[in-house]
Amino acid sequence: MGKKTMKALPINRSPEWKALEEHFLQVKNLHLRELFAEDPGRARRFSLSAGDLFLDYSKNLVTARTLDLLLALAERAGLPAEIAEMFAGEKINRTENRAVLHTALRAPKGDRIMVDGVNVVEDVHRVLDRMSAFARRVREGKWKGFGGKPVRNVVNLGIGGSDLGPAMAASALKPYSDRGLDVSFVSNIDGTHLAETLRGLDPAETLFIVCSKTFTTQETMTNAAAAREWCVAGLGDPSAVSRHFVAVSTNREKVAEFGIDPENIFEFWDWVGGRYSLCSAVGLALMVAIGPENFRRMLAGFHEMDVHFRSRPLESNLPVILALLGVWYNNFFGAESYAVLPYDQYLARFPAYLQQLDMESNGKGMDRSGNSVDYQTGPIVWGEPGTNGQHAFYQLIHQGTKLIPTDFIGFAGSHNPLGDHHLKLLANLVAQPQALAFGKTAEEIRTGGTPEELVPFKVFPGNRPSNVILAPKLTPETLGQLIALYEHKIFSQGVIWDIYSFDQWGVELGKALAGRVLGDLSSAAVPAHDSSTNALIRMIRRLRENRKKEGL
């Protein structure tokens with residue numbers, strides 16, 4: 001695997017970790033009410049800014065000493081050197097012997113980042129320019145379908161990183177999109193997803209973007225084959241495919257076999273991981289939706305956070321601070337999950353996007369030396385937009401038995417300033433962290449005249465930690481900054497946990513077994529799996545056969 005990062009001790013045997021364990025015993029019973037009462041300037045001292053983002057992390061169960069110890073842990077893990085290695089194009093994805101350079105995707109023209117003797121920034125901008133020219137042709141109606149009609153519908157076919165990123169960003173940046181174009185995203189191999197998306201569309205006005213690095217991804221290629229059949233059936237000529245399909249892929253041979261013109265292949269590189277690929281040609285559908293200028297504004301936002309992460313000291317580095325707080329709760333308080341709660345409907349898909357980004361990156365049980373870890377690594381990530389979540393799961397966060405650190409995300413301005421809607425949204429954004437931190441005591445409840453038998457049920461214990469991330473408005477720039485903030489947070493945590501964040505071997509086994517099961521489902525042979533799997537295969541065969549007999 002080449003060079004490995006070797007540490008003298010497992011991270012949880014280091015003196016810095018031991019110091020944190022001792023410190024935890026000293027502070028675990030402190031309450032945020034006490035911390036704020038003792039330090040009137042706490043909110044000012046425990047806040048940071050970068051670009052358009054403001055982070056208030058004062059409502060966390062930490063003291064200045066806690067942060068000093070966490071920063072020492074980051075130094076012990078070699079985080080500054082690892083940051084430098086990533087930005088320099090070192091092959092830090094060592095299980096696959098690859099560089100990790102999603103940051104190069106948003107580097108300005110003229111930057112120089114070398115991988116295997118090639119300045120990859122030049123390649124990045126060459127592809128960006130091709131994407132921009134293509135997106136303008138579609139948006140201006142100059143790209144004509146087989147029958148001469150301009151494109152009105154764009155359907156992105158991908159899954160995982162080839163879907164979640166662009167789909168989330170297209171939703172987040174809807175105010176910047178061309179409302180005359182309908183841009184959709186299909187990922188699920190369940191035929192319902194494709195069928196419902198295509199319902200009512202005219203093949204003569206529909207363009208498909210097939211996103212698959214290898215052009216062999218089962219879900220994507222199954223959907224692509226069905227879309228091809230739909231297109232050819234509607235237009236009556238297989239040669240129509242070349243006017244209604246383009247590809248984001250590295251497999252030129254298979255793309256050409258599919259019927260796509262090689263001139264309409266948009267490449268990306270093996271140093272771009274799927275879940276980090278939004279800024280690459282994987283974002284082509286997004287660029288068509290919002291236009292090249294807004295796409296480049298988003299890239300500028302990413303780059304601004306990249307510069308901050310690379311250049312700022314650890315103690316004033318937003319991604320690093322978020323990472324260390326996450327380690328504190330995950331490894332010392334035993335919190336198993338954290339919630340991401342965007343108070344903006346346009347960010348409805350952001351928690352789902354972060355699920356993949358975080359859980360596929362840091363859901364690892366082996367350290368970089370190939371040994372099983374005996375400490376917790378990546379957390380469970382989940383969330384919903386506010387205020388919907390308040391009427392769903394906040395009950396558990398406020399009064400349940402589980403500690404769930406939360407990130408609240410909000411914007412001072414709205415793209416849709418209807419009445420006082422946005423002020424009420426912001427009021428809830430500010431009030432929820434306050435309620436989580438300080439709660440409501442039995443004495444406070446009694447002063448309101450509550451019957452004594454109800455007092456215990458109305459107590460809010462508080463001391464539930466949260467961060468608040470604020471920005472002036474959800475723009476392409478702020479979206480880029482926000483995504484990069486979490487990208488670098490996740491990377492930092494992976495370094496501290498001594499795991500490889502940029503591979504995903506854990507997704508392989510299920511895919512391989514599905515191939516075997518598929519053959520068994522479509523044959524009459526005796527299945528040769530475990531007893532449960534065999535029984536499920538026989539049951540599915542029986543149910544399908546019964547439906548066939550009933551003509552269903």
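Is arginine 297 buried, partly exposed or exposed, and what is its relative accessible area? Arginine 297 is partly exposed, with a relative accessible area of 30%, where buried means under 20%, exposed over 50% and partly exposed in between (1.4 Å probe, protein chains only). The model is a predicted one, in which local features need pLDDT of at least 70, side-chain atom pairs count only at pLDDT 80 or more, and totals for chains, interfaces and linings use all residues. Residues are numbered from 1 along each chain as its sequence is written, and side-chain values use heavy atoms, with hydrogens and water left out.

Over the whole structure, 26 salt bridges are found, a salt bridge being a side-chain nitrogen of Lys or Arg within 4 Å of a carboxyl oxygen of Asp or Glu. One of them joins glutamate 477 to arginine 297, with 2.7 Å between the closest N and O atoms. Glutamate 477 belongs to helix H20 and arginine 297 to helix H13, so this pair ties together parts that are 180 residues apart in sequence. Helices (H or I, at least four residues) and strands (E, at least two) are DSSP runs, numbered from the N terminus. Glutamate 477 is partly exposed, at a relative accessible area of 22%.

Helix H13 (residues 292–311) also holds aspartate 306. This aspartate 306 forms a salt bridge with arginine 106, and the closest N and O atoms are 2.8 Å apart. Arginine 106 lies in the loop between helix H5 (79–88) and strand S3 (114–115), so the bridge ties together parts that are 200 residues apart in sequence. Aspartate 306 is buried, at 3% relative accessibility, and arginine 106 is buried with a relative accessible area of 3%.

The loop between H5 and S3 also contains lysine 109. Its side chain meets that of aspartate 129 in a salt bridge of 3.6 Å, N to O. Aspartate 129 is located in helix H6 (residues 120–139), so the pair ties together parts that are 20 residues apart in sequence. Aspartate 129 is partly exposed, at 35% relative accessible area, whereas lysine 109 counts as exposed at 59%. Elsewhere, salt bridges with shared partners join Glu82, Arg368 and Asp498 into one network.

Four cavities of 30 Å³ or more are present in the structure. A cavity is a set of points, on a 1 Å grid over the protein atoms alone, where a 1.4 Å probe fits but cannot get out; lining residues have an atom within 4 Å of a point. Grid points are joined across faces, edges and corners, and a volume is the space filled by probe spheres set on the points.

Two or more lining residues come from each of helix H14 (318–333), strand S10 (337–342), strand S12 (406–411), strand S13 (466–471) and helix H20 (476–496). H14 contributes the most, with five residues. By class, the lining of the largest cavity comprises nine nonpolar, eight polar and two charged residues; Ala, Val, Leu, Ile, Met, Phe, Trp, Tyr, Cys and Pro count as nonpolar, Asp, Glu, Lys and Arg as charged, and the others, Gly among them, as polar.

The second largest cavity has a volume of about 70 Å³. Its lining includes Glu82, Arg94, Arg368, Phe491, Gly494 and Val495. H20 gives the most to this lining, with three residues. The lining of the second largest cavity divides into six nonpolar, two polar and three charged residues. Glu82 and Arg368, named in this lining, are also members of the salt-bridge network with Asp498.

Key:
1 Å grid on protein atoms, 1.4 Å probe; cavity = no way out; pocket = protein on both sides within 12 Å on 5 of 7 lines; lining within 4 Å.
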